[in-house]
Each structure stands twice: as C-alpha cells, then as structure tokens.
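Subject: Handing over a structure

Hello,

Here is the structure I promised to pass on. Please open it next to this email and follow along.

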Amino acid sequence: MIELKGLTKRYGEKVAVDHLTFTVRPGVVTGFLGPNGAGKSTTMRMLLGLDHPTAGDVRIDGKRYAQLKDPLKYIGALLDAKAVHGGRSAFHHLLCLAQSNGIPRARVHEVLDTVGLTAVAKKKAKGFSLGMGQRLGIAGALLGDPEILMFDEPVNGLDPEGIHWIRNLMKSLAGQGRTVFVSSHLMSEMALTADHLVVIGQGRLLADTSMADFIRQNSRSYVRLRSPQRERLLDVLHEAGVTVAEAGDGALEADGTSAEQLGELAARHQLVLHELSPQQASLEEAFMRLTAESVEYHAHTAVPGAPGSGPGAPTSGPGAPTSGGALPGAGGPGWGEGWQRRRKGA
Ligand SMILES: Nc1ncnc2c1ncn2[C@@H]1O[C@H](COP(=O)(O)OP(=O)(O)OP(=O)(O)O)[C@@H](O)[C@H]1O
C-alpha cells in the first residue's frame with residue numbers, strides 16, 4: 001500500500017501540498033481528484049522520490065522510494081508520457097528500463113503486446129502519437145509486474161477503444177489484489193473506474209471515501225414528479241410533510257422520500273402521474289460542489305454569441321438542468337442556493 005503522513009511541499013511562498021495524510025489500499029482502484037493546480041502531480045512525484053517533501057513522509061510498502069531495490073518491481077508509474085528519449089525505439093526504451101531493474105528481456109515483449117505496440121516496437125518514440133506515447137508509458141509501468149501502479153491522467157490522448165482498454169486494465173489489476181492509484185479530470189471515466197476516491201483542493205485533503213459515499217455526501221438526490229393535477233399533488237405532498245421544490249418546467253422535486261413512497265401516496269389520492277423519476281447527481285456534480293471553493297483557475301470569458309453565453313442563460317433556478325447538465329456550483333460556491341430558494345418559495 002501507499003501511505004502518506006503529513007506530506008507537505010512548498011515552492012517558495014506556494015504551498016503545493018499541505019499536510020496530506022491518507023492510505024491507498026490494495027484490491028481497489030483509487031481515484032485521485034482535484035482541480036487544476038490542486039497538487040496531484042506534486043504528490044505523485046514525491047511518491048516516486050522525484051521531489052523532496054518539505055515536511056511529512058510517504059511510504060511504499062513501508063519503505064521510502066529510494067530504499068526500494070529494483071523499484072519497478074514494487075511500483076510502476078505513468079507520470080508524463082513524453083518523458084521518453086525520442087531517438088529510442090519503444091523496444092529499446094523499455095529494454096533500458098528493464099535492464100536497470102533486473103527485469104528479463106522477454107518481459108519487454110510481453111508488455112509491448114499487452115499495450116498493443118508490438119507492431120511499432122522498432123519505431124522511434126518521437127514519431128509516436130499522444131495515444132501511442134500513453135500506451136508506451138503504461139507498458140513501462142507494467143514492466144516490473146509491480147503490486148502498486150500509479151497513473152497520472154492515463155486516458156489523456158487515448159481513443160475510445162484505448163479508454164475502454166485502460167479502464168478494464170485498471171479494474172483487472174485491482175481485481176488481482178494490486179494497488180491502483182489514478183488521477184484524472186474525466187469524471188465520467190472516473191465514475192466507471194474507481195471504487196474509492198481521494199479528493200484534494202489547494203493541496204489539502206477534501207475527501208477520502210468510497211465512490212458511492214462521495215456522491216451521496218456531496219450531492220442532492222430527489223424525485224421529479226409531473227402531474228396534470230399539479231395543485232392537488234402539491235397539497236397532498238405538503239399534507240404528508242414532504243419537502244417540495246418547483247423545477248420551473250412544471251415539474252415538482254421532492255426531497256427525502258423514495259419514488260415508491262411517492263407513487264403510493266399519489267395512488268392513494270387517485271392522482272395521475274406523468275413522471276416519477278429518481279434523480280441522482282453525477283460524480284462530476286458532486287466533485288464540483290465539493291471543490292467549488294478550492295478552484296484556483298476560473299475561465300471568466302464567455303465566447304461572444306455562443307449559445308448559453310448570454311445574460312439569460314440558465315445556470316441555476318427554473319429552467320436549469322437538474323442533473324447531468326449545467327453543473328451547480330460551477331461558477332462558485334452557490335450550489336444548492338437556487339433550489340433552496342425555490343424550496344422556500346422565495
Ligand atoms: N517545480 C515547481 N515550482 C514551482 N511551483 C510548482 C512546481 N511544481 C508545481 N508547482 C505549483 O504547485 C501547485 C500544484 O501543482 P500540481 O502540478 O501538483 O497540480 P495538479 O493537481 O497536478 O494540477 P493539474 O490538474 O493542472 O495537472 C501549482 O500551483 C503549481 O504551479
């Protein structure tokens with residue numbers, strides 16, 4: 001496993017990593033999330049001894065990276081796919097890594113095959129596309145057959161088939177009992193891959209929890225109801241003590257009650273329903289809500305004339321998509337204010 005204790009890194013005045021303490025465990029894929037500049041790459045570099053902590057400690061199976069003999073046999077990492085000598089072929093790049101870590105030559109052929117680069121093994125790395133470079137980096141990580149794997153943005157540049165492949169690869173590595181630690185900004189991909197999440201913002205730990213708990217704790221789930229007898233339905237819901245917000249498109253949003261209970265309530269009062277749909281926020285929505293206050297780099301300039309860029313564009317409140325669309329909190333810490341206001345009838 002990977003253990004961080006009070007890990008801190010300062011660059012002059014800038015605190016890039018701020019007292020991080022968490023453990024990455026075997027047998028699951030752990031996603032490492034955070035907005036741009038949150039300190040993910042710095043953390044990963046310290047893990048590999050490429051940067052020295054200002055304070056604190058990080059251990060791989062109880063040892064510092066520098067204490068590992070043949071480190072590729074303990075931990076394989078993809079940090080920067082471009083960190084390859086462009087004049088070397090894929091085969092020779094991997095062979096150099098293998099020879100410096102006591103790994104047999106035959107293993108180079110095996111990993112080239114695993115990542116689908118056998119046909120271009122003799123080609124110079126400088127001619128590789130972004131996706132081919134990523135695959136070569138992943139081959140390097142797998143070379144020593146390590147129990148711990150770490151990937152920084154592994155799907156960057158991969159085509160859909162490649163993304164599917166790396167997702168299954170990470171899951172199967174974790175399924176074999178290995179420790180898999182992966183960073184990505186692609187929330188939809190992370191939602192499909194990771195079982196556990198570590199989230200940081202401005203260098204500090206924001207969450208260390210299972211995927212399911214993270215979404216539950218950082219998002220709102222509710223049930224959407226539409227009925228041609230809307231006013232009667234509102235009365236029935238109020239009488240039953242259900243908290244209701246108005247969605248803006250005529251629908252109602254009920255909090256704290258299941259779709260089953262609401263359906264039965266409506267049936268008891270002979271109310272017709274045209275919609276009864278549970279809504280669960282996405283990982284992206286939950287992530288943006290949690291990290292809204294630690295986002296350092298905001299884009300403020302809307303593209304003139306672009307749909308949705310004008311002053312009337314819905315962001316929250318009536319007309320705004322409630323899940324999977326516009327992201328509550330995307331513009332700041334106001335997530336939930338729109339629906340809270342509507343809930344209170346303001
Ligand atoms: N060598 C360095 N010298 C000075 N500042 C640095 C250095 N490396 C990183 N930083 C700063 O530390 C902070 C964290 O950077 P880091 O690259 O670790 O973030 P990140 O979470 O990986 O970001 P991204 O998602 O954009 O890749 C940033 O403010 C960055 O500018």
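Helices (H or I, at least four residues) and strands (E, at least two) are DSSP runs, numbered from the N terminus. Two strands pair if DSSP finds at least two bridges between them. Residues are numbered from 1 along each chain as its sequence is written. The model is predicted: local features need pLDDT of at least 70, side-chain atom pairs count only at pLDDT 80 or more, and totals for chains, interfaces and linings use all residues.

**A hairpin to start with**

β8 and β9 form a hairpin with 2 residues between the strands. There, Q202 takes a positive phi near 50°. The two strands pair in the antiparallel sense over 6 bridges. V199 has A207 in β9 as its bridge partner.

Now look at β8 (196–201) itself. A residue is buried if 20 or more other C-beta atoms lie within 10 Å of its own, exposed if 12 or fewer, and partly exposed in between; C-beta atoms are placed from the backbone. In β8, 6 of the 6 residues are buried, so the strand is largely enclosed by the rest of the structure. H196, V198 and I200 point one way. L197, V199 and G201 point the other way.

**The sheet of 6 strands**

Which order do the strands take in the open sheet of 6? The order is β5-β6-β7-β3-β8-β9, and the pairing is mixed. β5 (75–78) and β9 (204–210) stand at the edges with a single partner strand each, so one side of each has no neighbour in the sheet. From one strand to the next, the twist averages 15°. For these angles, axes are lines fitted to C-alpha atoms, for helices over the stretch in contact, and angles run from 0 to 180 degrees between N-to-C directions.

β6 (residues 148–152) and β7 (residues 179–183) are joined by 5 bridges. In this pair, I148 has T179 as its bridge partner. β3 and β8 are parallel too, over 4 bridges. G31 stands opposite L197 in β8.

Two residues are in contact if their C-beta atoms, placed from the backbone, lie within 7 Å. Helix α10 (residues 283–291) lies across β3 (29–33), β8 and β9. Its direction runs at about 35° to β8.

**The sheet of 3 strands**

A second open sheet has the order β2-β1-β4, with antiparallel pairing. β2 and β4 (55–60) are the edge strands, and each pairs on one side only. Neighbouring strands are turned by 20° against each other on average, direction ignored. β1 (residues 2–11) and β2 pair over 7 bridges. K9 has V17 in β2 as its bridge partner. Helix α1 lies across β1, β2 and β4, at about 115° to β1.

H19 lies in strand β2. Its phi is near 50°, a positive value in a residue other than glycine. Most residues other than glycine have a negative phi. H19 counts as partly exposed, because it has 15 C-beta neighbours inside 10 Å.

**Around the ligand**

Which residues surround the ligand? They are Y11, K14, A16, G34, N36, G37, A38, G39, K40, S41 and T42. A residue is near a molecule or strand if its C-beta atom, placed from the backbone, lies within 6 Å of it. β2 (14–24) and α1 (40–47) each supply at least two residues of this shell. α1 gives the most, with 3 residues. The shell divides into 3 nonpolar, 6 polar and 2 charged residues. Ala, Val, Leu, Ile, Met, Phe, Trp, Tyr, Cys and Pro count as nonpolar, Asp, Glu, Lys and Arg as charged, and the others, Gly among them, as polar.

The chain is divided into domain 1 (2–216) and domain 2 (221–279). Such bounds come from an automatic or database domain assignment. The domain centres, taken over C-alpha atoms, are separated by 46 Å.

N101 sits in the loop between α2 (90–100) and α3 (105–115). Is N101 buried or partly exposed? N101 is partly exposed, because 18 other C-beta atoms lie within 10 Å. Leaving aside neighbours within four places in sequence, N101 is in contact with D70, P71, L72, K73 and G144.

Q270 lies in the loop between α9 (259–268) and β13 (275–279). Q270 has a positive phi of about 50° although it is not a glycine. With 8 C-beta neighbours inside 10 Å, Q270 counts as exposed.

Best wishes
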